[in-house]
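Colleague: I have this chain open on my screen. Can you walk me through a few spots?

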Amino acid sequence: MKWLKFLYIAVSAVVLASCTNVNEDKQIDNIILPTDYSYDQIQNFKLTLETMFEVDNDAYYTYFYSSTCSHCQELKNFIIEKALERKDIYFIKSSSKDKFTTDENLVINAGNPDDIYILGYPTMLKIENKIVTKNLPGNDKIIEELK
């Protein structure tokens, strides 16, 4: 009986000693764990519809999103990571001022917030020299543009 008790204690000690804590930031077996970003991390890149043409860059992107949009949630980590890397992506959170259309080309050449119409969320617009030059609605077009 003592032998069984000793064996139980020895096996327990080995099992407990082999347990380790895994840090989320570490690479494990060549697998990189994704980072979960927050919109709080891009405070310096937030705009409103009214200020979207007031950026002091010749070329940049504005990303229209809604915190309740499932497609935006799928894209969130990707778009925030790209914004932090590139520093040319600005975020416009959904508001009651947003206007919608079914014409993807309606916004091309717009240079005034009153002329901005989007197809839905998410949408990214490329602005060059204070004029919209590209309309990228949906995750696939946004990802393709930023690859």
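Modeller: Start with Lys 82, which counts as buried because its relative accessibility is 18%. Buried means under 20% relative accessible area, exposed means over 50%, and partly exposed is in between (1.4 Å probe, protein chains only). This is a predicted model: local features need pLDDT of at least 70, side-chain atom pairs count only at pLDDT 80 or more, and totals for chains, interfaces and linings use all residues. Residues are numbered from 1 along each chain as its sequence is written, and side-chain values use heavy atoms, with hydrogens and water left out.

Colleague: Where does Lys 82 sit?

Modeller: In helix α2, residues 70-86. Helices (H or I, at least four residues) and strands (E, at least two) are DSSP runs, numbered from the N terminus.

Colleague: And what is Lys 82 in contact with, beyond four places in sequence?

Modeller: Lys 87, Ile 89 and Leu 146. Contact means heavy atoms within 4.5 Å.

Colleague: Which other residues of α2 are buried?

Modeller: The buried set is Cys 72, Leu 75, Lys 76, Ile 79, Ile 80, Lys 82 and Ala 83. These buried residues pack against β4, β5, β6 (123-128) and α3 (139-146).

Colleague: Where is the kink in α2 centred?

Modeller: On Lys 76, with a kink of about 50°. The bend at a residue is the angle between axes fitted to the seven residues ending there and the seven starting there.

Colleague: What is the end-to-end span of α2?

Modeller: The end C-alpha atoms of α2 are 24 Å apart. The expected span is 1.5 Å times one less than the number of residues.

Colleague: What follows α2?

Modeller: Lys 87, with a positive phi near 65°.

Colleague: Switching to cysteines. How many disulfides are there?

Modeller: Zero, in a search of the whole structure. A disulfide is a pair of cysteine sulfur atoms within 2.5 Å.

Colleague: What does Ser 66 touch?

Modeller: Cys 72, Ser 94 and Tyr 121, not counting residues up to four places away in sequence. Ser 66 lies in the loop between β4 and α2. At 8% relative accessibility, Ser 66 is buried.

Colleague: Now the aromatics. How many pairs are there?

Modeller: The count is eight aromatic pairs. Rings of Phe, Tyr and Trp (its six-membered ring) pair if their centres lie within 6.5 Å; planes under 30 degrees apart are stacked, over 60 edge-to-face and the rest tilted. Take Tyr 39 and Phe 91: their ring centres are 6.2 Å apart and their planes are at 70°, so the pair is edge-to-face.

Colleague: Where do those two come from in the chain?

Modeller: From distant parts, 52 residues apart. Tyr 39 is in the loop between β2 (31-32) and β3 (46-47), and Phe 91 is in strand β5 (residues 89-93). Tyr 39 is buried at 12%, and Phe 91 is buried at 1%.

Colleague: Which residues make up the ring cluster?

Modeller: Tyr 39, Tyr 63, Tyr 65 and Phe 91, linked by ring pairs.
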